[in-house]
Amino acid sequence: MNNGVLLFVYNNRDIDYARSAIIAGFLANTNLQVPVSIITDESTIQWMKQSDIYQHAEKLFDKIIYTERSTRLNYRNLRNGGLEKKPVLFLNDNRCKAWELTPYDRTLLIDSDFLIYSDRLSEFWNVDSSVLISSAMKDIRGDRCGYHDRYISDTGPDLRWATTVMFSKDQESKVFFELVESIKDNYQYFSDLYSFLPGQYRNDISFSIAHHMMSGHSSSLDYFLPPILTVQDLDSIQDIDKDFVRVYINDPITGQDNFLCNLKNTDVHIMNKNALIDNFDKFERFL
Amino acid sequence: MDEKLKKALDFSNLKKTLTARREHIREKLESRLIYGHAGGIFNIDHTLITFVQMLIDQGRKTQVPVIDSNKNPILIPDLEKFRDEIFDRYFQALGEYFTEYEKIKSSRTVEKLVEYE
């Protein structure tokens with residue numbers, strides 16, 4: 001079976017997802033020993049060429065797949081360490097196309113800020129399940145996982161995390177991704193049905209609803225990928241390398257540096273994307 | 001800042017860092033003990049190891065169904081090979097956990113705890 005990792009990469013004026021994807025792609029390739037491909041658009045590639053990182057992308061990625069950039073303007077509030085939030089553009093609504101665009105028989109779809117520092121996801125390549133999604137989010141400090149990190153709403157299903165999704169290219173997963181697309185296209189309807197706020201499109205919500213529906217509108221008895229260990233966007237990176245990341249864990253009330261945490265050989269989701277991108281040069285020597 | 005208060009805050013910071021570090025190595029241990037085999041997922045623990053060894057001792061060595069971590073029956077073609085693999089993984093992961101735990105126990109500063117050099 002042809003296994004591989006897939007990332008969606010669309011740059012915008014606020015976040016250089018290309019750099020983030022190169023770091024995430026490099027770590028996935030190193031630790032899972034499988035090829036990594038990206039789905040991107042012409043303007044992101046142009047940016048890579050202008051900023052002199054395209055040669056890394058060409059060398060690292062198995063396939064660079066071009067698509068049209070989404071025209072749906074989706075904003076989210078993002079912190080860059082500390083409490084201050086800034087609305088940033090977020091082009092994320094074509095993940096439902098992963099099924100048709102993936103070059104692999106079995107694909108691990110990851111966010112470009114999910115750093116794979118271990119080989120534990122390799123254990124799931126041969127699991128007898130067409131679609132696997134992460135069951136939950138796990139805050140690195142342990143006490144900052146809010147209601148909306150666990151549930152879609154009071155009346156909706158549990159929130160699953162589309163930060164990592166593994167799927168085989170078969171009929172069952174095709175239906176799953178078509179369902180995700182249908183939920184995306186009828187987001188207002190589903191927000192009315194499950195009582196969640198429709199303002200910002202979230203893949204996690206679409207994937208969770210699709211997963212819930214595919215499980216017969218009940219709690220799934222299927223396999224899940226491990227919970228996503230998350231360093232939140234109010235935290236920042238103290239240092240990073242190819243086998244560790246050391247982060248400042250901040251207090252959710254004061255936003256001040258609280259304590260340091262060293263993560264070694266552990267997969268981690270870095271929600272402070274700019275902190276990751278600012279450390280790109282530390283990876284350049286490995287590329 | 002009052003010297004006594006500073007010492008107390010430093011100690012509190014050390015304890016928080018220590019707790020986070022311990023939590024992290026536990027998390028790492030758990031992830032090292034996930035084993036994908038024959039389409040199932042197994043959490044390697046004492047129960048699994050003992051049960052598999054007991055099956056082998058009873059002469060059940062090939063084509064044996066075993067319940068995985070998701071409560072699905074998984075047919076194991078070669079149980080001795082399976083046992084060897086879970087044994088190896090268990091002791092390797094436990095060895096690493098022990099080494100890291102000992103290192104944490106002997107660390108008396110935040111710098112040592114986060115391996116800041």
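Predicted model: local features only at pLDDT ≥ 70, side-chain atom pairs only at ≥ 80, totals over all residues.
Residues are numbered from 1 along each chain as its sequence is written, while chains are lettered from A and ligands numbered from 1 in the order in which they are written.

**View 1. Strand E8 of chain A next to strand E10.** Helices (H or I, at least four residues) and strands (E, at least two) are DSSP runs, numbered from the N terminus. E8(A) covers residues 131-134, and four bridges join it to E10(A), residues 161-168, in an antiparallel run. Two strands count as paired if DSSP finds at least two bridges between them. A:Val131 and A:Ile133 point one way from E8(A), A:Leu132 and A:Ser134 point the other way, and all are buried. Buried here means 20 or more other C-beta atoms within 10 Å of a residue's own; exposed means 12 or fewer, partly exposed is in between, and C-beta atoms are placed from the backbone. In a regular strand, side chains alternate between the two faces of the sheet.

**View 2. Helix H6 of chain A and its packing.** H6(A) has 15 residues, 171-185, and reaches 21 Å from its first C-alpha to its last, close to the 21 Å expected (1.5 Å times one less than the number of residues). Its buried residues are A:Ser173, A:Phe176, A:Phe177, A:Val180, A:Ile183 and A:Lys184. They cover an arc of only 115 degrees around the axis, so they sit on the same side of H6(A); the arc is that of the directions from the helix axis to the C-beta atoms. These buried residues pack against H4, E8, E10, H7 (187-194) and H8 (203-214) of chain A.

**View 3. A:Asn92 in its loop.** Look for A:Asn92 between strand E5 (85-89) and helix H4 (98-101) of chain A. A:Asn92 is partly exposed because 19 other C-beta atoms lie within 10 Å. Leaving aside neighbours within four places in sequence, A:Asn92 is in contact with A:Asn74, A:Tyr201 and A:Asn203 (contact means C-beta atoms, placed from the backbone, within 7 Å).

**View 4. An open sheet in chain A.** Four strands line up in the order E7-E15-E11-E9, with mixed pairing. E7 (114-115) and E9 (137-139) stand at the edges, each with a single partner strand, so one side of each has no neighbour in the sheet. E9(A) pairs with E11(A), residues 228-231, in the parallel sense over three bridges, and A:Met137 stands opposite A:Ile228.

**View 5. Where chain A touches chain B.** The contact takes 20 residues from chain A and 20 residues from chain B. On the chain A side, E13 (244-250) and E14 (257-264) each supply at least two residues, and E14(A) gives the most, with five residues.

**View 6. Chain B on its own.** Chain B has four helices and four strands, running α-β-β-α-β-β-α-α from the N terminus. Its radius of gyration is 21 Å, well over the 13 Å that the globule rule gives for 117 residues, so chain B is more spread out than a compact globule. That radius is taken over C-alpha atoms, and the rule is 2.2 Å times the number of residues to the power 0.38. Buried residues make up 17% of the 117 residues in chain B.

Methods. Contact = placed C-beta atoms within 7 Å.
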